Amino acid sequence: MDLKIEIKSEIGKLKVVLLKQPGKEIENITPVTMHGLLFDDIPYLPEAQKEHEEFAAILRQNGTHVLYLDDLMTDILKNKTIKSNFLEEIITASGFADNLTHTALKTYLNSLEPRKMITELMAGIRKGLLGDELRNLRSFPEVDDNPFIMAPMPNLYFTRDLAAIIGKGASISKMTFRARQRETLFIEYILKQHPFFAQDKIPYWHQRNSQTRIEGGDVLVLNEHVVAVGISQRTSAEAIEALADKLFKNNSGYDTVIALKIPCNHAMMHLDTVFTMVNYDQFTVYPDIMQKNQEMDIWVLHPADAGIEYLKYSSLERVLKDTLQLDELDLIYTGAGDEIAAPREQWNDGSNTLTIAPGEVVTYNRNYISNDLLRKHGIKVHEISSSELSRGRGGPRCMSLPLLREKI
Ligand SMILES: NC(=[NH2+])NCCC[C@H](N)C(=O)O
């Protein structure tokens, strides 16, 4: 199979998507580690997996080819050299650059079959596994109050954040928090090493070791030349400038980057928790991202002779109309804009719709007010169960990394 990656909109029929089913890593969250791992509760794994299967089934029924991150990694790691390089990188990124612990971890993990190795790495490695002889190592005291020598990676089911495909290129994220920084190694290996993609000479708009912080949940590809990016808890203004510069100078087809300043907090960590595109001229919006006078801080970046030209906007509606050349715009408010329902449903990712075709979305069933409103605005809504998945603070858009969409 030769898979081309190409994303030129948020709404074109979704053809290929990358998912990760929640696994054992979820059960390795404890009340003590929960917040550091960016969770607000500990999901019940069997139920979370059922909900995730429901999600994948809806995508398949609607013509999307679903790929799983662990399957692709397992394929790649059958190659012994790649397996060894990958282990070097992930053990180093876990804080063990080159010492006895590094060697012990590498020996242990290298002895496992690729699938088991990947599953164990994601779930986290407990100290006991390396044996008592390592108890006195210098590297040990720093992890002594924690049963894990390599922490679990429970946020991996939010594949969206690992990267963003923009046009024919990829922006591999550099994650803000330590809890998620190793995750991007998986997508880097997949895009650069898996035979599905290797033939494709993918241009990179951002790399995991670039200087600036950016996460996929902040990137919305609005059409074939406009991309919107959140200035957020996870994405810096510098990263957006650097991304714009790359896009403008490398024949990406992108000549407009909209930078939108959103509140900086855990509930709204990414742009897609407060704003998504669901149709040519329809968007979900969490009203509290705007001030009372409906204003927000927005900049539009275009290529210019001297580098980048900046235009300042204060109206979301105006900037969308101007950049997308729309006469009319339908902004659909999360929780119908009610002062209680809106924050409640936003907290449970009521705005985090995954658009699978123009005017057709997947959402969490618990956000019934937002869902009803979407339907009243003519959107076709597929609901999935969401008691457990939502505890990780991410919805259907966060749980999916689109690799290919049909042109619109
Ligand atoms: N694209 C998104 N909104 N992703 C949600 C990520 C949630 C995850 N617990 C985090 O804090 O990183």
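**Exercise 1. Find the handedness with which α4 passes α5, then describe how these two helices pack.**

*Solution.* Start with the crossing: α4 passes α5 in a right-handed way. A crossing is right-handed if the near helix is turned clockwise from the far one by less than a right angle, and left-handed if anticlockwise. The names come from DSSP: helices are runs of H or I with at least four residues, strands are runs of E with at least two, and both are numbered from the N terminus.

A word on the model before going further. It is a predicted model, in which local features need pLDDT of at least 70 and side-chain atom pairs count only at pLDDT 80 or more, while totals for chains, interfaces and linings use all residues. Residues are numbered from 1 along each chain as its sequence is written.

Next, take the geometry. Two packed helices are described by the angle between their axes and the distance between the axes. The axes are lines fitted to C-alpha atoms, for helices over the stretch in contact, and angles run from 0 to 180 degrees between N-to-C directions. The axes of α4 and α5 (residues 100-110) come within 10 Å and cross at roughly 140°. That angle makes α4 oblique to α5. Angles under 35 degrees count as roughly parallel, over 145 as roughly antiparallel, 65 to 115 as roughly perpendicular, and the rest as oblique.

Finally, list the residues. On the α4 side are K83, S84, L87 and I91, which meet H102, L105, K106, L109 and N110 in α5. Two residues are in contact if their C-beta atoms, placed from the backbone, lie within 7 Å. Sorted by class, this contact has 4 nonpolar, 3 polar and 2 charged residues. Here Ala, Val, Leu, Ile, Met, Phe, Trp, Tyr, Cys and Pro count as nonpolar, Asp, Glu, Lys and Arg as charged, and the others, Gly among them, as polar.

**Exercise 2. Work out how α4 is placed against α8.**

*Solution.* First, the numbers: α4 (residues 80-93) and α8 (residues 183-193) pack at an angle of about 155°, with their axes 11 Å apart. So α4 is roughly antiparallel to α8. Their crossing is right-handed.

Now look at who meets whom. I82, F86, E89, I90 and A93 belong to α4, and they meet L185, Y189 and Q193 of α8. This set divides into 6 nonpolar, 1 polar and 1 charged.

**Exercise 3. Describe the packing of α3 with α8.**

*Solution.* Begin with the axes: those of α3 (residues 69-76) and α8 come within 10 Å and cross at roughly 60°. This makes α3 oblique to α8. The crossing is left-handed.

The contact is made by L69, L72, M73 and I76 of α3, together with F186, Y189, I190 and Q193 of α8. By class, the residues are 7 nonpolar, 1 polar and no charged.

**Exercise 4. Is C398 buried or exposed?**

*Solution.* Locate it first: C398 lies in the loop between β18 (380-384) and β19 (401-405). Then count: 25 other C-beta atoms lie within 10 Å, so C398 is buried. The rule is 20 or more other C-beta atoms within 10 Å for buried, 12 or fewer for exposed, and partly exposed in between, with C-beta atoms placed from the backbone.

Leaving aside neighbours within four places in sequence, C398 is in contact with F158, R160, D161, G217, D272 and N352. UniProt lists C398 for "active site" in an unreviewed entry. Such annotations may be inferred rather than shown by experiment; feature names are shortened, and positions follow the numbering used here.

**Exercise 5. Which residues does L316 contact beyond its neighbours within four places in sequence?**

*Solution.* L316 is found in helix α11. Setting those neighbours aside, L316 is in contact with V285, M290, M296 and I298. With 22 other C-beta atoms within 10 Å, L316 is buried. L316 and E295 are 21 residues apart in sequence, and their C-alpha atoms are 7.5 Å apart in space.
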